[in-house]
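Please keep the sequence and the structure in view while reading.

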Amino acid sequence: MPASGKLVVCPTPLGNLGDMTARALEALRAADVVCAEDTRVTGRLLAAYGIEKRLERLDEALIGERASVLVERVAAGEVIAYCSDAGMPGVSDPGLRLVRAAREAGAPVEVLPGPTAAATAYVASGCDNPRFYFGGFFPRKDAERRTALAPLRALDAALIFYESPNRLASALEVLADELPHREAAVCRELTKLHEEVVRGPLPEVRDEFAARAAAGGRGIKGEIVIVVDGPSAAEGAAAEHHAEVSARARAAELKAQGMRNKDIARAVAEEFGIARNVAYGIALEA
């Protein structure tokens with residue numbers, strides 16, 4: 001394989017052109033061709049920096065069928081740069097499949113660092129948790145959203161999701177219902193003229209954007225990142241209280257069936273995840 005051939009992953013600004021890195025500009029100038037999620041978007045970016053380069057469209061619909069061909073071109077010595085519409089290619093966009101195809105074929109891949117909406121929103125949110133989980137785009141349907149949140153509820157990390165302006169109000173409705181004791185931030189139009197970060201308890205953030213939606217959707221435009229802080233003390237206390245209430249009801253059922261206190265305590269401790277001494281006290285009270 002010629003040493004000159006490689007795939008270069010080039011991050012682009014989220015909105016502010018001043019965030020374009022010198023390395024990314026150098027790579028775009030040196031590339032033989034620039035593949036883009038949308039050639040119109042990337043074309044305007046290149047024009048802003050006076051870069052004339054052949055552009056090839058490579059969106060979600062095309063990347064599956066063209067990835068192997070592009071990798072073969074890299075193997076033949078071509079330098080191909082790839083840009084998504086904004087931010088880091090491969091993060092919730094089809095570029096990830098192109099990189100995987102190149103890696104599997106042993107083709108050289110160079111990934112340049114640059115703007116990423118998820119990391120920018122995580123810091124801008126001001127959340128307390130030092131860890132975060134990135135879930136990509138939040139599911140579209142309520143049932144799928146609740147299913148996605150179920151295993152994440154106990155995760156000691158902030159939760160980050162991308163969301164569409166048209167679905168923001170309904171997404172926040174589910175989040176506030178499932179995680180009512182958490183703080184959250186809606187980060188909108190990051191790095192752009194109308195950048196906004198709305199932070200507060202999830203029910204309050206939900207109400208704010210529900211009101212905006214009811215008013216015709218003003219203030220819900222642009223690209224949006226939702227950041228939900230990690231588990232809070234209030235959430236832990238509420239969960240513990242709910243477990244004890246449920247354990248008391250279950251203990252009463254088992255006592256009515258004639259079960260001994262010792263066995264009741266063991267049963268409710270295992271079923272509701274409460275301490276054995278607390279479970280035994282509940283069994284005695286039943």
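The model is predicted, so local features need pLDDT of at least 70 and side-chain atom pairs count only at pLDDT 80 or more, while totals for chains, interfaces and linings use all residues. Residues are numbered from 1 along each chain as its sequence is written, and side-chain values use heavy atoms, with hydrogens and water left out.

**The five-stranded sheet**

- Five strands form an open sheet in the order β3-β2-β4-β1-β5, with parallel pairing; strands are DSSP runs of E with at least two residues, helices are runs of H or I with at least four, and both are numbered from the N terminus.
- Two strands pair if DSSP finds at least two bridges between them.
- The edge strands, each pairing on one side only, are β3 (55-57) and β5 (109-111).
- Strand β2 (residues 33-36) runs parallel to β3 and is joined to it by three bridges; Ala 36 stands opposite Arg 57 in β3.

**Helices on the sheet**

- Helix α2 (residues 39-48) packs on the sheet and touches β2, β3 and β4 (79-83), its direction making about 155° with that of β3.
- Contact means heavy atoms within 4.5 Å; axes are lines fitted to C-alpha atoms, for helices over the stretch in contact, and angles run from 0 to 180 degrees between N-to-C directions.
- Helix α3 (residues 60-75) lies across β1 (6-9), β2, β3 and β4, at about 140° to β3.

- Thr 42, Leu 45 and Leu 46 are the buried residues of α2; buried means under 20% relative accessible area, exposed over 50%, and partly exposed in between (1.4 Å probe, protein chains only).
- Just after α2, Gly 50 takes a positive phi of about 65°.

- In strand β7 (residues 158-163), six of its six residues are buried.
- Ala 158, Ile 160 and Tyr 162 are buried on one side of β7, and Leu 159, Phe 161 and Glu 163 on the other.
- Four bridges join β7 to strand β6 (residues 132-137), and the two run parallel.
- Strand β10 (residues 224-228) runs antiparallel to β7, with five bridges between them; the bridge partner of Tyr 162 in β10 is Val 225.
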